[in-house]
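Student: I have a protein here that I would like to understand from its coordinates. Could you walk me through it?

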Amino acid sequence: MHTHMPLPQITIATDDYNRLISATALKRRHRGPHHDFLMSELRRASLCHPDALPDDVVSTNAKVTYRINGRGTPMAHVLVYPEDLLWPGAELSVTTPLGTALLGLRVGDRMPFRTGPNGPVHEVVVEDVQFRLLPDEEEPTRTTSDQSGNEHDNSRDDLERRLDDALMETFPASDPVSVIICRRS
């Protein structure tokens, strides 16, 4: 297997992108090879509205069938966020090296990844994307109190402002971010 193979184009739904950027920005003190790999993939991704994401693109809440290193029987998992992991045998966290490698690929794409900083390079090939569970449209607005009695507004505007602040810390204005309009194919 070639260790310098060209990377395939990846497309990530904006909701996945925003949630992963927020999570990585909050955990910036815990940087390591897995964090760096996830950040590099997010930086090179084209973004797409979740409703327009093509059916053959791997996203969170999608069941993906794949093969590693072109050998063995195909494996299938639902790609999920680590905090949503309920069935480890049936689900795969998007923040693992394999989960990050799969995110945004299309059926037929090949992607190299490592499971450790000095480990061998593996190649994952996407064979099928079978379904995608879509999140609910709206979440209720909540206001919570901390122990001092101060209220924190968790309205959509406040959450978007906090996300924008986290994004500005993570990606300075000089970092290019690619945004595209997708159409289902």
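Tutor: Happy to! Accessible areas come from the Shrake-Rupley method with a 1.4 Å probe, and for residues only the protein chains shown count as cover. This is a predicted model, in which local features need pLDDT of at least 70 and side-chain atom pairs count only at pLDDT 80 or more, while totals for chains, interfaces and linings use all residues. Residues are numbered from 1 along each chain as its sequence is written, and side-chain values use heavy atoms, with hydrogens and water left out.

Student: What share of the accessible surface belongs to carbon and sulfur atoms?

Tutor: Start from the total for the protein, about 11,300 Å². Of this surface, the part belonging to carbon and sulfur atoms is 53%.

Student: How many helices and strands does the protein have?

Tutor: Helices (H or I, at least four residues) and strands (E, at least two) are DSSP runs, numbered from the N terminus. Along the sequence they follow β-α-α-β-β-β-β-α-β-β-β-β-α-β. The totals are 4 helices and 10 strands.

Student: Which residues does leucine 42 contact, leaving aside neighbours within four places in sequence?

Tutor: Contact means heavy atoms within 4.5 Å. Leucine 42 is among the residues with the most contacts inside the largest core. With those sequence neighbours set aside, its partners are Ile12, Tyr17, Leu20 and Ile21.

Student: What is the phi of asparagine 61?

Tutor: Most residues other than glycine have a negative phi. Asparagine 61 lies in the loop between β2 (46–48) and β3 (62–68), and counts as partly exposed because its relative accessibility is 24%. Although it is not a glycine, its phi is positive, at about 65°.

Student: Is asparagine 69 buried or partly exposed?

Tutor: Asparagine 69 sits in the loop between β3 and β4 (75–80), and its phi is also positive, near 60°. Its relative accessible area is 23%, so asparagine 69 is partly exposed.

Methods: Buried < 20%, exposed > 50% of the residue type's maximum accessible area, 1.4 Å probe, protein only. Core = buried A, V, L, I, M, F, W, Y, C linked by side-chain atoms within 4.5 Å.
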